[in-house]
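Keep the viewer open while you read.

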Amino acid sequence: MKLKTTLAFAISSLISPAALAGPLDPPPGPIESTMKTLTEVEPRTAINSTNTPGDSSSAFRITQSGSYYLAQNFSILGFLSNIDAIEIAASNVTIDLNGFTLTGLSGALNGIVTDGTGYRNIVIKNGTIQSFDTGIDLDGVDEENITVEAITVINSDLTGIAIRNGRVSDCSVKDNGGSGIVVSNNSFVETCTVENNGSDGINAGIGSIIRDNIVRNNFNDGIRVSSRCIIRDNLVTQNGTATGIKAGIQIYGSDSLIQSNVVVDNEFGLRSSTVSIFAQNIVSNNVIDIDISGSNPGLADQASTPNGAGAWDNIVP
């Protein structure tokens with residue numbers, strides 16, 4: 001009897017009126033939902049045939065500014081029509097690959113491209129692009145403020161990543177048939193791994209900054225820049241039959257700062273066609289470690305001299 005009384009008391013306490021009671025009178029005004037809409041939960045647009053339908057040259061086409069994302073892997077078959085995977089036709093666009101992969105099959109052209117000129121403020125991030133002609137091609141005239149970050153680009157027939165103006169960071173660019181990363185003037189390439197590409201590892205235009213990258217086993221130059229660039233804190237090793245770091249492209253001058261890099265096991269280590277400063281680099285086991293003669297009369301006798309005019313405090317074992 002005592003046990004039954006205790007259980008009855010416990011049950012009555014759990015279902016007491018105070019525990020079950022709620023307001024008898026609802027608040028005035030219409031009742032509003034507390035649920036979030038799909039847009040509030042995921043305030044971006046999924047890339048698919050419904051939201052971003054393609055055209056004769058693309059599988060998916062983005063025509064409005066905004067934030068877009070992949071919700072799955074996509075394989076792009078280009079055998080019949082030679083199409084790109086994602087074509088951007090607007091400024092102020094962010095594409096988050098969301099950890100997924102774009103794969104080109106049988107004649108697919110490029111992974112992500114623009115359809116014309118003048119687009120700005122484009123961000124591509126967080127995923128993998130493989131087996132296209134060019135992985136990312138945002139190199140149209142007047143395209144500015146392009147950001148590519150945390151992207152892996154592999155097995156392109158041509159270039160891995162090409163942008164007109166902006167920043168490439170935290171990317172892995174490997175096993176592409178042409179150059180790994182190509183940027184135009186006033187750009188940044190930083191904290192990337194660029195290896196096993198069929199031409200230059202990193203190729204940059206005037207006024208660019210190349211820093212904190214690993215550049216190895218590329219067929220031509222590891223890092224190749226034009227004029228007034230800063231190249232520092234990179235590891236550059238085992239790059240083909242050309243140069244680890246080369247400042248000055250073709251007819252262009254150099255006037256660049258090459259500092260605190262580790263440059264080993266290349267044909268030439270450090271090389272400049274005109275005036276540059278090589279300072280505090282570790283340069284070793286290259287066929288020729290430092291060549292700063294080029295076409296500048298002021299450095300005419302400095303070929304292969306470790307620390308002559310324009311070069312000092314480099315460590316050349």
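## Confidence and overall make-up

Contact here means heavy atoms within 4.5 Å. A further stretch with pLDDT under 50 covers residues 295-304, where the model has 20 contacts beyond four places in sequence. Across the protein chain, the average pLDDT is 84, and 77% of the residues score at least 70.

Residues are numbered from 1 along each chain as its sequence is written, and side-chain values use heavy atoms, with hydrogens and water left out. Since the model is predicted, local features need pLDDT of at least 70 and side-chain atom pairs count only at pLDDT 80 or more, while totals for chains, interfaces and linings use all residues.

The protein chain has three helices and 32 strands; these are DSSP runs numbered from the N terminus, with helices (H or I) of at least four residues and strands (E) of at least two. Of its 317 residues, 45% count as buried. Buried means under 20% relative accessible area, exposed means over 50%, and partly exposed lies in between (1.4 Å probe, protein chains only). Among contacts between residues at least 6 apart in sequence, 42% join residues at least 24 apart. The chain exposes about 15,300 Å², of which carbon and sulfur atoms supply 53%; accessible areas come from the Shrake-Rupley method with a 1.4 Å probe, and for residues only the protein chains shown count as cover.

## The nonpolar core

A nonpolar core is a set of buried Ala, Val, Leu, Ile, Met, Phe, Trp, Tyr and Cys residues joined through side-chain atoms within 4.5 Å. The largest one in this model has 58 residues, and Ile-95, Leu-102, Ile-161 and Ile-181 have the most contacts inside it. Strand E12 (residues 144-154) gives the most to this core, with four residues. In soluble globular proteins, nonpolar side chains tend to be buried together.

Beyond four places in sequence, its contacts include Leu-70, Phe-74, Ile-86, Ile-112, Ile-129 and Phe-132.

## Strands side by side

Two strands pair if DSSP finds at least two bridges between them. The pairings below are handy to trace in the viewer.

| Strands | Direction | Bridges | Opposite residues |
|---|---|---|---|
| E2 (residues 53-55) and E3 (residues 58-62) | antiparallel | two | Asp-55 and Ser-58 |
| E3 and E6 (residues 84-88) | parallel | four | Ser-58 and Asp-84 |
| E12 and E14 (residues 166-169) | parallel | four | Glu-149 and Ser-169 |
| E14 and E17 (residues 188-190) | parallel | three | Ser-169 and Glu-190 |

A hairpin joins E2 to E3 through two residues. Pro-53 is found in strand E2 and is partly exposed, with a relative accessible area of 45%. Leaving out residues up to four places away in sequence, Pro-53 touches Asn-48, Ala-59, Phe-60 and Arg-61. The C-alpha atoms of Pro-53 and Ile-86 are separated by 9.9 Å, with the two residues 33 apart along the chain.

Is Ser-179 buried or exposed? Ser-179 counts as buried because its relative accessible area is 9%. Ser-179 sits in the loop between strand E15 (172-174) and strand E16 (181-183). Its side chain reaches the backbone nitrogen of Asp-200 at 3.4 Å. Beyond four places in sequence, Ser-179 touches Leu-158, Thr-159, Gly-160, Asn-197, Ser-199 and Asp-200.

Ser-131 is not a glycine, although it has a positive phi of about 65°. Ser-131 lies in the loop between strand E10 (120-130) and strand E11 (134-138) and is partly exposed, at 32% relative accessible area.

Asp-212 likewise has a positive phi, of about 60°, without being a glycine. Asp-212 belongs to the loop between strand E20 (209-211) and strand E21 (214-216), and its relative accessibility of 41% makes it partly exposed.

Technical notes
pLDDT = per-residue confidence, 0-100. Polar contact = N/O pair within 3.5 Å; in protein donor to acceptor, adjacent residues only side chain to side chain.
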